[in-house]
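Notebook open. I want to go through two interfaces, one inside a chain and one between chains.

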Amino acid sequence: MQALEGNQQRYTISIFTEDKVGLLSRITGIFTRRKINVDSLTVSETENKGISRFTVVIRTLPERIGVIVRQIEKQVEVLKAFYYTDEQIVYQELALYKMPTEAFAGSQAVEKIIRDNYARVITIEPEFIVIEKTGHEEETTKLFNELKPYGVLSFVRSGRIAIAKPMKLLKVHLEELENISEF
Amino acid sequence: MLLQQEAETSTAFHTQTLMGECVIAKKGISGAEAVVLSLLAEGVECVFGYPGGAIMPVYDALYDYRDRLQHFLVRHEQGAAHAAQGYARVQRRAGVCMATSGPGATNLITGIADAMIDSTPIVCITGQVGKHLLGTDAFQETDVIGISMPITKWNYQVTRAEEIPEAIAKAFYIAQSGRPGPVLIDITKNAQTEIFDFQYRKCLKIRSYFPKRKVDIDAIQRAAELINRAERPFMLIGQGVILSGAQDDVKEMAEKAGIPVASTLLGLSAMSVHHPQYVGYLGMHGNYGPNVLTNQCDVLIAIGMRFDDRVTGRLDSYAKQAKVIHIEIDPAEIDKNVKTEVAIVADAKEALQALLPLLEIKRYPEWMAKFKECDAIEREKVILKDFAPTTPLPKMAEVIHMLSQKTKGKAIIATDVGQHQMMATRYYQFDEPYSNITSGGLGTMGFCLPAAIGAKIGKPNREVIAIIGDGGFQMTIQELGVIMQYNIPVKIMVLNNNFLGMVRQWQQLFFDRRYSSVDMQNPDFVKLAEAYRIPARRVETREQLSDALDEMLHSQSAFFLEVMVEKEDNVFPMVPAGAAVAEIRLE
Ligand SMILES: Cc1ncc(C[n+]2csc(CCOP(=O)(O)OP(=O)(O)O)c2C)c(N)n1
Ligand SMILES: [Mg+2]
């Protein structure tokens with residue numbers, strides 16, 4: 001995981017947007033302009049038709065995060081943006097590990113690593129096996145480090161996805177905004 | 001199950017855009033004609049632009065509608081964007097500009113960036129290569145959507161004719177609502193030629209866009225309490241006051257609550273400089289009192305302004321002693337630069353109208369006297385020197401002062417960027433609203449001439465005077481052709497110091513007078529203006545000035561006046577970049 005510098009904090013930003021071409025650039029541009037590196041980014045559909053969710057992980061100072069999120073929310077096609085510290089969300093990442101099949105031959109070691117890490121095998125081919133693990137970055141990295149001696153051919157990790165702990169629905173947030181707005 | 005879920009969400013979220021009644025319909029027309037009809041439906045009377053391959057169908061349609069929609073052919077697309085800005089500032093609605101794909105569109109970019117940072121509503125329409133050619137590096141294909149993304153409030157690429165009416169309706173709605181700004185619609189050539197049944201409906205609402213908040217009465221009450229208890233309240237007004245038309249409300253508040261008022265560069269002309277509560281102009285080259293006393297007030301009421309660094313100087317020593325009330329339409333500006341005690345996210349006029357009845361009648365004679373004391377200091381140390389005829393050539397300040405007196409502060413003053421801009425905005429005694437047109441946030445040299453043209457077209461009955469430096473004049477000088485071709489009676493005054501004066505001043509003060517690439521060998525501007533058939537005159541001595549200004553002001557047509565001014569004049573006061581407002585230098 002990227003180290004935090006000074007008073008930096010890690011934030012997960014959830015952005016609800018219209019499903020429109022170009023919004024990805026508009027949103028990443030807000031970070032680029034401020035020279036903020038995006039540590040992870042995931043775009044997906046939501047439970048609401050036509051509305052996408054961007055989940056972005058960045059590191060920045062507590063006094064800057066609000067300003068940045070308001071700039072995101074200001075974009076015409078962004079419905080609402082929220083930011084959270086790790087404590088305020090439930091989050092996961094998915095990692096895949098491609099291992100040579102022979103790593104499994106002759107010893108139970110790799111199988112034990114998989115079991116101990118609550119990972120699972122999702123594909124077995126003559127030449128390679130693909131292992132999947134869901135978890136926090138520390139956990140998927142730990143598994144990577146343990147598998148490394150047996151020859152990881154390829155490792156990939158998804159961006160973070162997160163669900164916020166507060167119970168308030170997006171719809172309610174938007175209704176509140178409607179009520180305080182004029183058009 | 002899935003169906004049910006979809007049904008639920010469609011009631012939860014209304015449709016993406018709410019469109020009004022159909023205002024114009026026409027069957028079987030081209031996308032190009034639809035563009036023109038859409039503009040007419042928005043009440044557009046004129047367009048600034050330049051044709052080229054990818055937008056030729058629209059130009060062909062413009063030909064049919066030439067008696068209802070006037071097109072001004074600029075000489076460079078940057079001029080089209082600035083002219084649309086000048087038009088928008090005086091007309092208080094979106095200006096429209098048009099360009100072809102590729103270089104036409106990229107030439108608009110400076111103007112769009114300027115409109116973005118100065119919150120000016122403009123609608124830019126660019127042609128684009130046909131849909132099937134997108135991404136092939138076709139002739140004059142540029143990713144204009146990508147390039148303009150960070151400098152537009154919204155942009156959209158239209159690839160089918162049917163999208164045109166809604167895209168343009170949204171463009172006008174977005175450009176003009178909330179905090180205004182530039183929008184760009186890129187229209188592929190096939191969309192311009194496709195035939196479809198046109199129906200125009202105005203855009204009333206976009207579900208993801210909340211342009212304006214209702215006034216929060218609770219915040220208003222907290223603000224009123226702070227103001228009523230204040231001992232040294234101070235009001236700062238920005239362009240937001242002008243955009244919302246809150247000039248009278250500001251005046252009323254200043255009069256009732258006895259609060260001194262200072263203006264940002266873009267807020268100038270919102271309040272008459274002759275008003276007894278008006279104490280001057282903020283910022284790097286603003287007045288001494290408002291800058292210094294920002295750090296002595298106890299309640300700072302900022303209205304429709306964004307605490308630009310040219311206003312605040314070093315932030316960690318800006319108004320630290322004050323409780324800040326920020327009235328601002330754009331929530332993203334709240335706490336961006338200056339921490340607020342009370343934020344009122346609302347239109348300035350609506351907020352002030354809610355606030356006014358809660359304010360007590362107050363007078364602060366001692367506090368007001370402090371501004372007077374500072375004025376006296378500035379007068380002695382700066383203004384009298386600026387006005388004193390001590391140099392062989394007149395100084396910029398003298399020229400502006402005389403112009404101000406002759407026009408009684410009633411003209412629309414467009415300025416470019418540099419020393420002349422700061423002198424013009426310092427010494428022109430604005431007495432009418434909507435009179436100051438300048439490039440503030442971007443500081444775009446070349447802005448003035450085309451912006452003045454747009455302003456004159458927007459307000460033909462007002463005197464429009466373009467005040468430009470010899471450097472900036474040459475950045476968009478070709479727009480003299482527009483003045484010639486359409487007989488636009490703009491008055492142009494170039495204050496010629498044969499220098500990139502503002503840069504020279506910085507080199508003198510901060511780089512040991514190492515004058516690096518700031519002296520200019522200039523052409524004969526008078527002959528040049530005359531070549532464009534614009535009556536022209538040069539002032540080479542102080543004695544000629546008054547008569548020349550009279551000739552310019554009495555001219556019924558456009559007029560060009562070149563005034564040779566003192567070469568190494570400096571603009572003071574000055575808050576050096578990165579210094580605190582209280583560290584303002586008087587010499
Ligand atoms: C397009 C652009 N390029 C460069 C600058 C930097 N700049 C600011 S003021 C200035 C000098 C302007 O000279 P002139 O137009 O003669 O006006 P003066 O300061 O002499 O009144 C320059 C180069 C700018 N603001 N805009
Ligand atoms: Mg100059």
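How many salt bridges are there between domain 1 of chain B and domain 3 of chain B? I count zero, taking a salt bridge as a side-chain nitrogen of Lys or Arg within 4 Å of a carboxyl oxygen of Asp or Glu.

Ground rules first. This is a predicted model, in which local features need pLDDT of at least 70, side-chain atom pairs count only at pLDDT 80 or more, and totals for chains, interfaces and linings use all residues. Residues are numbered from 1 along each chain as its sequence is written, chains are lettered from A and ligands numbered from 1 in the order written, and side-chain values use heavy atoms, with hydrogens and water left out.

**Entry 1: inside chain B**

I looked up the domains of chain B: domain 1 (20-206), domain 2 (217-371) and domain 3 (392-564). The bounds come from an automatic or database domain assignment. Contact (heavy atoms within 4.5 Å) takes 25 residues from domain 1 of chain B and 28 residues from domain 3 of chain B.

Next, area. Domains 1 and 3 of chain B bury about 2100 Å² between them, 63% of it on carbon and sulfur atoms. Buried area is the accessible area (1.4 Å probe) that two parts lose on being put together, summed over both. On the domain 1 side, R75(B), R89(B) and V90(B) supply 30% of the area buried against domain 3 of chain B, more than any other three residues.

Polar contacts: I find 12 residue pairs across this interface, both at pLDDT 80 or more. The rule wants a pair of N or O atoms within 3.5 Å; within protein, one must be able to donate a hydrogen and the other to accept it, and residues adjacent in sequence count only if both atoms are side-chain atoms.

**Entry 2: chain A against chain B**

Here the contact takes 29 residues from chain A and 33 residues from chain B. The two chains bury about 2900 Å², 55% of it on carbon and sulfur atoms. R26(A), V76(A) and E182(A) supply 25% of the area that chain A buries against chain B, more than any other three residues.

This time the salt-bridge rule finds four. In one salt bridge, the side chains of E178(A) and K205(B) meet at 2.9 Å, N to O.
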